[in-house]
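Dear colleague,

I am handing over a structure that you have not worked with before, and my notes on what was found follow directly after it. Please read them with the model open beside you.

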Amino acid sequence: MKISLNNNPETLEGTSITVNQLLKLKNFTFKMLIIKINGRLIQKEDYGTATIQDGDDVTVMHLISGG
Amino acid sequence: MTFEEIKRILQQKTVGIAGAGGLGSNCAVALARVGMGKLIIADFDMVSEDNLNRQYYFYDQIGRFKADALKENIQRINPSVTVLSHNILLTEINIPVLFRDCDVIVEAFDQAGQKEMLIEAAEIAFPEKPLVIGLGVAGWGKNDIIHCRKVDNMFICGDEVSEIAPDMPPLAPRVGIVANMQANIVLEILLNQTNDR
């Protein structure tokens with residue numbers, strides 16, 4: 001399947017993947033994250049169940065300290 | 001638009017400032033100077049001496065609540081701005097109440113965990129409301145990697161990589177650049193909204 005990840009096209013195996021699987025696959029190891037699928041916030045407790053499918057627009061934002 | 005026309009629009013607008021540290025204090029002052037109608041400012045913290053390397057406070061304000069001190073400073077700059085200062089810790093419970101009537105929310109926290117909490121709370125309560133985030137402000141130099149990008153209703157300002165550390169402190173120039181970028185995006189959002197209407 002093809003998705004957009006942070007505005008970059010990505011081709012992944014299969015037809016569906018959970019948020020947790022995507023984080024592992026792409027080695028996103030930051031603790032503080034904001035994740036959106038098609039503009040909708042995915043809450044932390046849903047990372048194991050929320051799925052990403054073909055054509056989805058996924059945003060993964062790392063939060064870092066300073067302000 | 002002339003400045004008079006800009007002020008007429010901004011007088012009707014309300015901006016929420018979540019955090020009154022380096023980003024929030026400088027962003028709020030910029031918005032006050034251009035004549036924002038109302039600023040809702042929340043921070044639990046008090047001014048300390050080590051804040052003065054970047055935050056819009058004065059030596060004689062050390063020990064004061066930041067939200068109150070910032071209100072005082074803004075009123076000295078532009079008394080026509082209505083400032084609601086809240087000396088409270090923002091949480092996922094009070095964020096939806098405090099910022100409900102804002103046209104735009106500015107995320108101006110220091111700690112990544114706080115930023116995460118605010119963005120989540122705001123996205124859940126107000127998925128359509130513009131949210132201007134400061135991300136990656138530490139250190140000095142590197143003007144060329146500071147940017148602003150839009151993701152749905154979120155506008156992310158900063159370099160997104162420079163995190164604070166003992167050898168990478170937040171300092172007035174770079175924090176001020178990002179704070180003013182945040183203010184600049186707020187203006188763009190509010191003035192374009194009105195033009196589109």
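With 67 residues, what radius of gyration does chain A have, and how does this value stand against that of a compact globule? A compact globule with 67 residues would have a radius of gyration near 11 Å, and chain A has 12 Å, so the value agrees with the rule. Please keep in mind throughout that this is a predicted model.

To begin with chain A, its secondary structure consists of one helix and seven strands, and from the N terminus on these elements follow one another as β-β-β-α-β-β-β-β. Taken along the principal axes, the box that its C-alpha atoms fill is roughly 40 × 25 × 20 Å. Of the 67 residues in chain A, 24% are buried, and among the contacts between residues at least 6 apart in sequence, 67% join residues that are at least 24 apart.

Five strands of chain A form an open sheet in the order 2-1-7-4-5, and the pairing within this sheet is mixed. Its edges are strand 2 (8-11) and strand 5 (40-41) of chain A, each of which pairs on one side only. Within the sheet, strand 4 (residues 33-37) of chain A pairs with strand 7 (residues 57-62) of chain A in the antiparallel sense, over five bridges, and Ile34(A) is found opposite Met61(A), which belongs to strand 7 of chain A.

Turning to chain B, you will find six helices and seven strands, arranged along the sequence in the pattern α-β-α-β-α-β-α-β-α-β-β-β-α. Chain B has 197 residues and a radius of gyration of 16 Å, which agrees with the value near 16 Å that a compact globule with that number of residues would have. Along the principal axes, the C-alpha trace of chain B spans about 50 × 35 × 35 Å. Buried residues account for 47% of the 197 residues of chain B, and among its contacts between residues at least 6 apart in sequence, 69% join residues at least 24 apart.

Finally, the two chains touch one another, and the contact takes twelve residues from chain A and 27 residues from chain B. On the side of chain A that touches chain B, the residues by class are five nonpolar, six polar and one charged.

Technical notes:
Residues are numbered from 1 along each chain as its sequence is written. Chains are lettered from A and ligands numbered from 1 in the order in which they are written. This is a predicted model: local features need pLDDT of at least 70, side-chain atom pairs count only at pLDDT 80 or more; totals for chains, interfaces and linings use all residues. Helices (H or I, at least four residues) and strands (E, at least two) are DSSP runs, numbered from the N terminus. The radius of gyration is taken over C-alpha atoms; the globule rule is 2.2 Å times the number of residues to the power 0.38. A residue is buried if 20 or more other C-beta atoms lie within 10 Å of its own, exposed if 12 or fewer, and partly exposed in between; C-beta atoms are placed from the backbone. Two residues are in contact if their C-beta atoms, placed from the backbone, lie within 7 Å. Two strands pair if DSSP finds at least two bridges between them. Ala, Val, Leu, Ile, Met, Phe, Trp, Tyr, Cys and Pro count as nonpolar, Asp, Glu, Lys and Arg as charged, and the others, Gly among them, as polar.
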